[in-house]
Amino acid sequence: MSWISTSFMGRKAAAKGATGAKHRLSEEDQGTFHYVYGPYAEPVLRISPGDVVEVETLDAFGGAITSEDDLPSEKLNMPFVNPQNGPIAVTGAEKGDVLAVHIHSVLPRGPQPAGTTALIPSFGALVADASLMLNPAITERVKKMDVTEEGVRFSDRITLPFEPFIGTMGISPEIEAVSSLQPDYWGGNMDLPDVAPGAVVYFPVQRQDAHFFVGDCHGRQGDGELCGVAVEIPATVVLQIDLIKDWAIPGVRLETEDFIMSVGSARPMEDAARMAYRDLVRWMVEDYGFEESEAYFLATQAGKMRVGNMVDPKYTLGASMLKKYLV
């Protein structure tokens with residue numbers, strides 16, 4: 001990336017253009033994939049701040065759904081979905097620091113060349129039986145789509161742009177172990193399309209060496225991940241993982257060349273929105289010199305709200321502000 005972060009003011013910025021050591025974490029190197037974020041798994045890789053890691057991820061179903069004739073209820077072993085690579089230990093990281101993860105690329109890889117989406121019983125934003133009702137379960141269906149860098153072939157008539165991102169990414173909580181289906185202050189299953197190439201995602205380190213996890217890549221997704229399943233793909237991801245010392249942030253933050261974003265994960269959805277906007281206002285005050293009421297006014301008139309997912313155990317929303325209003 002050619003742009004330089006302005007988020008850090010007097011802090012030491014992560015070295016976006018720096019060249020650290022390069023590592024590769026293949027599917028074979030990973031061995032056992034993880035379905036829990038927590039401090040109890042042994043790291044599969046140790047890196048130094050600024051190093052670059054190429055990671056081979058599985059799709060959200062671990063490759064179990066191979067054709068449109070498959071039924072998720074027969075192929076999936078819930079809650080063992082969203083397999084995660086890692087944990088990756090980052091030398092020198094400790095509680096009170098921030099892990100800065102620069103997403104360089106997300107590319108589809110074999111052995112499944114196609115992206116997968118599905119209708120799964122009792123799952124999704126428009127499924128009545130997911131709300132403890134007596135309605136019958138939705139009819140299961142799997143849809144396969146060819147995914148290349150040129151596009152996502154939704155049907156013979158429609159080809160959608162390839163807009164890849166990482167659905168699930170984050171760091172270990174300090175003590176608890178949590179499902180890779182759940183998002184919160186550690187990151188996790190945010191399903192936020194802005195976690196994409198060109199972005200830097202900031203995570204508040206909770207334990208020594210951070211213990212970073214990543215997986216669940218998508219070829220694209222609409223706001224909200226409405227049926228609960230994006231265009232799920234196995235991918236090759238290139239990340240540069242850096243460290244910012246002594247930066248106390250309450251949860252996930254994100255930055256691109258054009259905007260900053262604070263992320264909130266909660267239910268009900270309005271709580272996630274409030275969490276995200278509250279942190280955005282405080283970020284504007286702490287690092288961009290705004291008085292709180294002025295930041296509140298500007299967020300009211302110029303803030304943007306992105307719905308990542310509205311289907312997971314907690315909903316994820318991102319509140320953003322264009323950088324051109326922060327200078």
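What follows is a chat about why parts of this predicted model get the labels they do.

Me: How far apart are the axes of α3 and α4, and what is the hand of the crossing?

Reply: The axes are 9 Å apart, and α3 passes α4 in a right-handed crossing.

Me: Which residues of α3 and α4 meet?

Reply: On the α3 side you have Tyr277, Val281, Met284 and Val285, and they meet Glu292, Ala295, Tyr296, Leu298 and Ala299 in α4. By class, that contact has eight nonpolar residues, one charged and no polar ones.

Me: What makes one of those residues charged rather than nonpolar?

Reply: Asp, Glu, Lys and Arg count as charged, while Tyr sits with Ala, Val, Leu and Met among the nonpolar types. Glu292 in α4 is part of the contact, so with Glu in the charged class Glu292 is the charged residue in that count.

Me: On to the cores. What is in the largest nonpolar core, and which residues have the most contacts inside it?

Reply: The largest nonpolar core has 46 residues, and Leu99, Ile166, Met169, Phe203 and Phe212 have the most contacts inside it. Strand β18 (residues 235–244) gives the largest share of this core, five residues. Apart from it lies another core, of 22 residues, including Ile260, Trp283, Ala295 and Leu326. As background, nonpolar side chains in soluble globular proteins tend to be buried together.

Me: Why is Asp216 called buried?

Reply: Buried means under 20% relative accessible area. Asp216 has 2% relative accessibility, so it counts as buried. Asp216 is in strand β16 (residues 212–218), and it has a positive phi of about 60 degrees although it is not a glycine.

Me: And how do you know that Glu225 is buried rather than exposed?

Reply: The cut-off is again under 20%, and Glu225 has a relative accessible area of 4%, so it is buried. Glu225 is in the loop between β16 and β17 (232–233). Its phi is positive too, about 45 degrees, although Glu225 is not a glycine.

Me: What makes Glu149 exposed?

Reply: Exposed needs over 50%; Glu149 has a relative accessible area of 54%, so it is exposed. Glu149 lies in the loop between β8 (141–148) and β9 (151–153). Leaving aside its neighbours within four places in sequence, Glu149 is in contact with Leu107 and Phe162. Glu149 and Pro108 are 41 residues apart along the chain, with their C-alpha atoms separated by 7.8 Å.

Me: Why do Lys324 and Glu28 count as exposed?

Reply: Lys324 has 59% relative accessibility, so it counts as exposed. Glu28, at 64%, therefore counts as exposed as well. Lys324 lies in the segment after β22 (315–322), whereas Glu28 lies in helix α1 (residues 27–30). Lys324 and Asp258 are 66 residues apart in sequence and 7.5 Å apart in space, C-alpha to C-alpha. Glu28 and Arg282 are 254 residues apart along the chain, and their C-alpha atoms are separated by 43 Å.

Key: Residues numbered from 1 in each chain as written. Predicted model: local features only at pLDDT ≥ 70, side-chain atom pairs only at ≥ 80, totals over all residues. Heavy atoms only, no water. Axes fitted to C-alpha atoms, helices over the stretch in contact; angles between N-to-C directions. Helix = DSSP H or I, 4+ residues; strand = E, 2+ residues; numbered from the N terminus. Left-handed = near helix turned anticlockwise from the far one by under 90°. Contact = heavy atoms within 4.5 Å. Core = buried A, V, L, I, M, F, W, Y, C linked by side-chain atoms within 4.5 Å. Buried < 20%, exposed > 50% of the residue type's maximum accessible area, 1.4 Å probe, protein only.
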